[in-house]
Amino acid sequence: MANSQRHLYEFGPFQLSETEGVLRKDRNAWPLTPKALDLLLALVRNSGRILTKDELLETVWAGTLVDQSNLPTQIAMLRKVIGNGYVETVPKRGYRFAAKVTER
């Protein structure tokens with residue numbers, strides 16, 4: 001049986017609830033589109049690891065034909081919501097979630 005346990009991830013002042021599908025800061029929900037939430041979850045789950053553009057496209061848009069410009073657009077939107085210090089662009093390789101993540 002697959003692991004159906006859901007997690008709460010904490011980084012900086014944020015809490016990301018996989019169960020609820022919501023990002024919180026100071027107990028207030030911060031708006032994210034479903035794709036931005038999926039992208040943030042993929043990055044947070046792999047904190048410190050470089051995820052290639054192809055890995056992220058396959059994870060977030062699995063089985064969907066999507067223009068590659070969607071990824072940088074969603075990354076920019078995430079940075080607007082959570083700030084610039086969390087998601088690093090690694091030139092010619094991909095993206096890395098740079099903050100320390102605590103999982104519960």
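The structure is a predicted model, in which local features need pLDDT of at least 70, side-chain atom pairs count only at pLDDT 80 or more, and totals for chains, interfaces and linings use all residues. Residues are numbered from 1 along each chain as its sequence is written, and side-chain values use heavy atoms, with hydrogens and water left out.

**Helix H2**
- Leu56, Leu57 and Val60 are buried in helix H2 (residues 53–60); buried means under 20% relative accessible area and exposed over 50%, with partly exposed in between (1.4 Å probe, protein chains only).
- Viewed down the axis of H2, the buried residues fall within an arc of 100 degrees, so they line one face of the helix; the arc is that of the directions from the helix axis to the C-beta atoms.
- Asp54 and Glu58, on the other side of H2, are exposed.
- The cover over the buried residues of H2 includes helix H1 (34–45), strand S5 (50–52), helix H3 (70–82) and strand S7 (94–97).
- Helices (H or I, at least four residues) and strands (E, at least two) are DSSP runs, numbered from the N terminus.

**Sheet**
- Five strands form an open sheet in the order S4-S3-S2-S1-S8, with antiparallel pairing; two strands pair if DSSP finds at least two bridges between them.
- Strands S4 (28–30) and S8 (102–103) stand at the edges, each with a single partner strand, so one side of each lacks a neighbour in the sheet.
- Strand S3 (residues 22–25) pairs with S4 over three bridges in the antiparallel sense, and the bridge partner of Leu23 in S4 is Trp30.

**Loop residue Asp67**
- Asp67 lies in the loop between H2 and H3.
- Asp67 and Leu57 are ten residues apart in sequence and 9.4 Å apart in space, C-alpha to C-alpha.

Note on methods: Contact = heavy atoms within 4.5 Å.
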